[in-house]
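Me: Can you walk me through this one? I'd like to go helix by helix, then look at the sheet and the chain contacts.

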Amino acid sequence: MLTIIFRSILIYFIVLLVYRLMGKRQIGQMQPFELVLTLIIADLATIPMAEVSVPVLHGIVPLLTLVVVHFMLTLITMTSQSVSKLISGKPTIVINPKGIDYKAMKKLSLTTDDIFAALRECGYFNISQIQYAIMETNGKLSVMPKADFSPPTNKELNLSADESFLPIILVSEGKILKENIVLAGYDNQQVEDLIKQQGGDKLKNVLILTVDKMGQGYLQMIEKEGKCFQTKRLVPHESL
Amino acid sequence: MRAFNLINLFLIILLLTGICLAEELTVTSSLRDVQDRCLEIVQIMDEKDSLKDMDIVLAVDNLEYNWNKNESALCCMVNHKNIQEIGQEISKMKMYVANDDRDAFKVSLEALKLYCHSYLHFMGANLHNIL
């Protein structure tokens, strides 16, 4: 039994490594060949995990072979448009200004229910609001609403708005994030001073503390209400 | 990122090649060793009247010792179930030697040669195995 436990831990880390090697894209937006790979990996990993007579190498070798195949396929699809189309397919317009493209819908084996469900997921409940809808190769629907139904932008409304910047997390759950405070040009003492200036008490009671390039910050103590604040100190531009 | 992938790719291919070579060398040398020792036992057996002869006892003991030594390395690379019959047959052979059961000993010896031969065929990368 102890063998199975150790094997499970080992294979878990190997599968984790395999997914890390294949990149983050694998998890969220799977192309057909990536989906196939995921299904095979799930199956392959369980065999040496449960069967003690099967060497762990019998699980590792096919996993690594699949990583190699995946890398190669990815490289080929990146360099050749035609191979990419062959393996991953190409985006298809399912709704155009005339309405649902019936041929495209049937080609993709979709029903009107599927299209409506996908539209609702995108936040559109009425097909008359849609100018174009494109079925992407990863099976997700991209929707372009008609001009009357698209949300107005600040530019269209002639409004001026300040640019927003990525906030840097300085403290998370009572712990100073060293890399981030260097990035923001702070040191530990300055962070603690900042907490006190904003009405916080001890560092360990800070749930979250962020600042952005314009000196805008957010502080929330554990089990207390969060508050926004403005510091005079700006984060160096090259940091973000 | 692409360079990183290529380095990973190269390292993984290198690792896979190393594993394949190690498997090929270990399995082939271990099974060939068993086959050679079986042939040697056959030759000795032809010259002797009794299985209890010291030369045969020593040859079978050597066969068992070497197999036990190689088996642990083989278990890292091949399914243990596929090679456990070899160990079982060697144990039977020792029993037949003790009982001087010549016919059963010959059967075990042939079975042993067959297991080695079939596993050597089974592990090679050829079209039959791939399909």
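**Helices, sheet and contacts**

Reply: Starting with helix H3 (residues 32-50) of chain A: its 19 residues should span 27 Å at 1.5 Å a residue, and the end C-alpha atoms are 28 Å apart, which agrees. Keep in mind that this is a predicted model.

Me: OK, which residues are buried in H3(A)?

Reply: Glu34(A), Leu37(A), Ile41(A), Leu44(A), Pro48(A) and Met49(A) are the buried ones. Looking down the axis of H3(A), they fall within an arc of 125 degrees, so they line one face of the helix.

Me: And what is exposed on the other side of H3(A)?

Reply: Over there you find Leu39(A), Ala42(A), Asp43(A) and Ala50(A) exposed.

Me: Why do residues three or four places apart point the same way in an α-helix?

Reply: Because an α-helix has 3.6 residues a turn.

Me: Now H1 of chain A. How many residues does it have, and how far does it reach?

Reply: H1(A) covers residues 2-22, so to speak a run of 21 residues, and reaches 30 Å from its first C-alpha to its last, close to the 30 Å expected at 1.5 Å a residue. Its buried residues are Ile11(A), Val18(A) and Met22(A). These cover an arc of only 30 degrees around the axis, which puts them on the same side of H1(A).

Me: What's exposed on the other side of H1(A)?

Reply: Leu2(A), Ile5(A), Phe6(A), Ile9(A), Tyr12(A), Phe13(A), Leu16(A) and Arg20(A) are exposed there.

Me: Switching to strands. In what order do the five strands of the chain A sheet come?

Reply: The order is E6-E5-E7-E8-E9 in an open sheet, with antiparallel pairing. Strand E6 (175-176) and strand E9 (227-230) of chain A are at the edges with a single partner strand each, so one side of each has no neighbour in the sheet.

Me: How many bridges pair E8(A) with E9(A)?

Reply: Four bridges, in the antiparallel sense, with E8(A) running over residues 216-221. Leu219(A) stands opposite Lys227(A) in E9(A).

Me: Last topic: how many residues of chain B are in contact with chain A?

Reply: 15 residues of chain B, and they meet twelve residues of chain A. Helix H1 (2-47) and helix H3 (80-99) of chain B each supply at least two residues of the side touching chain A. H1(B) gives the most to that side, with eight residues.

Me: How do the residues on that side of chain B divide into nonpolar, polar and charged?

Reply: Ten are nonpolar, four polar and one charged.

Key: Residues are numbered from 1 along each chain as its sequence is written. Chains are lettered from A and ligands numbered from 1 in the order in which they are written. This is a predicted model: local features need pLDDT of at least 70, side-chain atom pairs count only at pLDDT 80 or more; totals for chains, interfaces and linings use all residues. The expected span of a helix is 1.5 Å times one less than its number of residues. A residue is buried if 20 or more other C-beta atoms lie within 10 Å of its own, exposed if 12 or fewer, and partly exposed in between; C-beta atoms are placed from the backbone. The arc is that of the directions from the helix axis to the C-beta atoms. Two strands pair if DSSP finds at least two bridges between them. Two residues are in contact if their C-beta atoms, placed from the backbone, lie within 7 Å. Ala, Val, Leu, Ile, Met, Phe, Trp, Tyr, Cys and Pro count as nonpolar, Asp, Glu, Lys and Arg as charged, and the others, Gly among them, as polar.
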